[in-house]
Amino acid sequence: MAVSKSQVSASRKWEQQNPHRTAYTKLRRTAFSFVNPKPGSKAEEHINANHADYVADLEELKQAIIEKEKTMKTKIENQLYDALKKWVETADSTPSEPDHGVVLTYQANDGTLSFWKDFYEDDFEDLSFEDLVEAEEALGYDKIAGVLLDQVKSSPNYNEENAKNFIEYLGK
């Protein structure tokens, strides 16, 4: 089926208006064509002629993908940690009795996060906190945000998209 001039023109216009998406899809097609060349294509012919190099390159790509995934996960976790820390610093919070460990419940807008962490006397010189501010200062917002991050990551629903949505939610 032939493509009309108006369809080609519309496609070129869209490509000009969306240069990043256009470049991304070209890069994606190139990568997939390298990994899975069409049977009988020139790409398959060239790959077959360089089979040993191809196998080594696939292994190198696999390792690069694994490293990129780690970097991407670390980036989203860092963003989530920063959002949790900022949120903890500004949210209303309520502590439990510190000699039994510390339970802090944080509330902001319509969301609530709480955690139990075994912070006992061996963790602090003095656990006789007069108020929440002292408890938070002793624990440190970094430690509280870290515990909350671990709690969020341990959820069966934790994934990159949900983490991004949660970051957005915490920023409201």
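Is glutamate 45 buried, partly exposed or exposed? Glutamate 45 is partly exposed, with a relative accessible area of 46%. This is a predicted model. The protein has seven helices and three strands. Along the sequence they run α-α-α-α-β-β-β-α-α-α.

**Overall build**
- Of the 172 residues, 24% count as buried.
- The protein exposes about 12,800 Å². Carbon and sulfur atoms supply 51% of that area.
- Among contacts with a separation of 6 or more, 49% join residues 24 or more positions apart.

**Confidence**
- Mean pLDDT is 77, and 72% of the residues reach 70 or more.
- Over residues 95-127 the pLDDT is below 50. Beyond near neighbours in sequence, this stretch has 79 contacts in the model.
- Confidence is highest in helix H3 (residues 42-49), at a mean of 95. Confidence is lowest in strand S3 (residues 111-117), at a mean of 43.

**Salt bridges**
- A search of the whole structure finds seven salt bridges. Side chains of opposite charge can pair when their charged atoms come close.
- In one of them, lysine 42 pairs with glutamate 45, with the closest N and O atoms 4.0 Å apart. The two are three residues apart in helix H3, so about one helical turn separates them. Lysine 42 counts as exposed, at 58% relative accessibility.
- Another joins lysine 62 to glutamate 59, with a closest N and O distance of 3.3 Å. Both lie in helix H4, three residues apart, about one turn of the helix. Lysine 62 is partly exposed at 45%, and glutamate 59 is partly exposed at 37%.
- Lysine 164 forms a salt bridge with glutamate 160, the closest N and O atoms being 3.3 Å apart. These two are four residues apart in helix H7, so they too sit about one helical turn from each other. Lysine 164 is partly exposed at 44% relative accessibility, and glutamate 160 is partly exposed at 36%.

**Helix H7 (residues 160-170)**
- The buried residues of H7 are Ala163, Phe166, Ile167 and Leu170. Seen down the axis of H7, they fall within an arc of 105°, so they line one face of the helix.
- Glu161 and Glu168 are exposed on the other side of H7.

**Nonpolar surface patch**
- Phe34, Val35, Leu61 and Ile65 form a nonpolar patch on the surface. Together they have about 310 Å² of accessible area.
- Helix H2 (19-35) and helix H4 (51-90) each supply at least two of the patch residues.
- Phenylalanine 34 lies in helix H2. Phenylalanine 34 counts as partly exposed, at 31% relative accessibility.

Technical notes
Residues are numbered from 1 along each chain as its sequence is written. This is a predicted model: local features need pLDDT of at least 70, side-chain atom pairs count only at pLDDT 80 or more; totals for chains, interfaces and linings use all residues. Side-chain values use heavy atoms; hydrogens and water are left out. Buried means under 20% relative accessible area, exposed over 50%, partly exposed in between (1.4 Å probe, protein chains only). Contact means heavy atoms within 4.5 Å. Accessible areas come from the Shrake-Rupley method with a 1.4 Å probe; for residues, only the protein chains shown count as cover. pLDDT is the predictor's confidence in each residue, from 0 to 100. Patches are made of residues with over 30% relative accessible area and no salt bridge: like charges are joined within 9 Å, nonpolar side chains (Val, Leu, Ile, Met, Phe, Trp, Tyr) within 5 Å. A salt bridge is a side-chain nitrogen of Lys or Arg within 4 Å of a carboxyl oxygen of Asp or Glu. The arc is that of the directions from the helix axis to the C-beta atoms.
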